Amino acid sequence: MHRFANPARFLKIANAVLPWAAGLSAVCFAAGLYLGLFASPPDYQQGDTVRIMYIHVPAAWMSMFTYSTMAVAAAAALVWKHPLAEVYAKAAAPLGAGFTALCLLTGSLWGAPMWGTWWVWDARLTSVLVLFFLYLGYMALVDAFDDPARGNKAGNILLLVGAVNVPIIKFSVEWWNTLHQPASVFRLGGPTIAASMLWPLLLMAAAFQSYFFAVVILRIRAGLAARRVQTLRLGQAN
Amino acid sequence: MDGFLSMGGYAAYVWSSYGAAAVVLVGLLVLSLTGLRRVERTLATLEAAKPRRKREPKAAPAPTATPAAETTP
Amino acid sequence: MLRLILRDLRLVLRQGSDATAALMFFVLCVVLFPFGVGPEPNILTRIAPGVLLIAALLAALLSMERLFQGDFEDGSLELLLLSPLPAEGVAIAKVAAHWLVTGVPLLIVAPLLALLLRMPADQLGLLVGTLALATPLLSLIGAVGAALTLGARRSGVLLPLLVLPLYIPVLIFAAAGLDAGLSGLSPRPHLLLLGGMLCGALVLAPLAIAAALRAAHE
């Protein structure tokens, strides 16, 4: 962990990783889109709408992945004053918000033809919606201070508070949902997922993941450069 | 090809999902890239300006007290 | 710590505006609902728990922005943090004062409003009990948000954005308990969960508040 703490060393590694991540993402997107849109069969129950899954499920996975890594980074920033951790959290937040928005949007577009409604107050939908609000809250909080260090610190505390709360929220809405309405039909296609659908799903998941790594490296570079700009400006002002 | 585009009658839902994904992913990528370019450009200008500024320190624009307080009766 | 609570209470009693404003807001918010949804008794009984809880939640939020702001601006917060009392203690004292000033009056007024909303009289005890568990939770969670947004630009908009998503579990369990009572079921499990959350928040929220207060002063 601490080997990557030095921004210069991190940049060296990140720049080596970047083309590979970008390339892998492009390849996986091409293969996943081909398999998902052309080569996989329509589902016997859901017809062609099942193809929405190849966007929806990876986006949902990434929304959770991004938040958990941000929370870990926030802990690292608060406890060990890890210089890169909060740059990472700040860089990843818009991506996480984007994935979450995508997950909600495609879920809505999937639900409209299959359930006959754009939205139900189902436990999963509700907890993902709350997760989206947490992302927005974090981004708004970090940007709300004239002193970026103060914003980062407040954001880190919020991320940890949210990390405690996300399981509680998830648990509470699941409970709330079963009290008020019967369990909704949340399942993937049939009883088990066929290999012809699993492959495009996994490829798209890999594509999303490598896309995330490529873009987050770009954003971390921008964040580090912004810090440098700030210290230079401070140096000039004095 | 027609069958592919119509997606078994669900074209509107499937294609808008993929469209939304494209917009979000490409949009975030473009925003990140332009942000990176902009920051790197300001950094370059700042670093180019740094040695010169060190030699002739800029006079701090000290905010002079406005005489408003004195003129008011 | 007790001295700090008493000092805050004295300050509020002298000014009096914040606490009464929150209370008036709660009353008006609840009174508006019959105008919005119509005066049918069945509907009012059905929505009464939710209306009361959401009004309580918004009232807590309304008074929350000022919780640390005054002390932050006049510098007394810095003195408090430098005092031998640990920052967590300061946090607990401030939250306790906030709850005594805004939560407790709510507990007294809520049964009267519940009657206006045609809630059956035998449910009033449950209502007060649920609010007694929920309002300190609202104060604790809200105080975390208030401490985090200290000195922020647009903190008035930011605070609800941060705090309202975190209020959802409180709202769900409190409403579930009241609904269970209305439909003749036992509200016990919901109240126990609410109590458990209160215990957890009593431990964790002061830590987060203290960390946020220290961050505000670096």
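This is a predicted model: local features need pLDDT of at least 70, side-chain atom pairs count only at pLDDT 80 or more; totals for chains, interfaces and linings use all residues.
**View 1. A nonpolar surface patch formed by residues of chains A and C.** The patch consists of Val164(A), Leu202(C), Val203(C), Leu204(C) and Leu207(C). Together these residues have about 440 Å² of accessible area. Helix 9 of chain C, residues 188–216, makes the largest contribution, with four residues. Leu207(C) is located in helix 9 of chain C. Its relative accessibility is 44%, so Leu207(C) counts as partly exposed.

**View 2. The salt bridge between Asp146(A) and Arg153(C).** Seven salt bridges are present over all chains of the structure. In this one, the side chains of Asp146(A) and Arg153(C) meet at an N to O distance of 2.9 Å. The pair joins two chains, because Asp146(A) is in the loop between helix 4 (123–142) and helix 5 (148–180) of chain A, while Arg153(C) is in the loop between helix 7 (124–148) and helix 8 (155–182) of chain C. Asp146(A) is classed as exposed because its relative accessibility is 68%, above the 50% cut-off. Arg153(C) is partly exposed, at a relative accessible area of 34%.

**View 3. The salt bridge between Asp179(C) and Arg46(C).** The closest N and O atoms of Asp179(C) and Arg46(C) are 3.9 Å apart. This pair connects distant parts of the chain, with Asp179(C) in helix 8 of chain C and Arg46(C) in helix 3 (residues 41–64) of chain C, 133 residues apart. Asp179(C) has 18% relative accessibility, which is under the 20% cut-off, and therefore counts as buried. Arg46(C) has a relative accessible area of 49% and is partly exposed.

**View 4. The salt bridge between Asp71(C) and Lys94(C).** Side chains of opposite charge can pair when their charged atoms come close. For Asp71(C) and Lys94(C), the closest N and O atoms are 2.6 Å apart. The two residues are 23 residues apart and link distant parts of the chain: Asp71(C) belongs to helix 4 (residues 66–73) of chain C, and Lys94(C) to helix 6 (residues 87–116) of chain C. Asp71(C) counts as buried at 6% relative accessibility. Lys94(C), at 3% relative accessibility, also counts as buried.

Note on methods:
Residues are numbered from 1 along each chain as its sequence is written. Chains are lettered from A and ligands numbered from 1 in the order in which they are written. Side-chain values use heavy atoms; hydrogens and water are left out. Patches are made of residues with over 30% relative accessible area and no salt bridge: like charges are joined within 9 Å, nonpolar side chains (Val, Leu, Ile, Met, Phe, Trp, Tyr) within 5 Å. Accessible areas come from the Shrake-Rupley method with a 1.4 Å probe; for residues, only the protein chains shown count as cover. A salt bridge is a side-chain nitrogen of Lys or Arg within 4 Å of a carboxyl oxygen of Asp or Glu. Buried means under 20% relative accessible area, exposed over 50%, partly exposed in between (1.4 Å probe, protein chains only).
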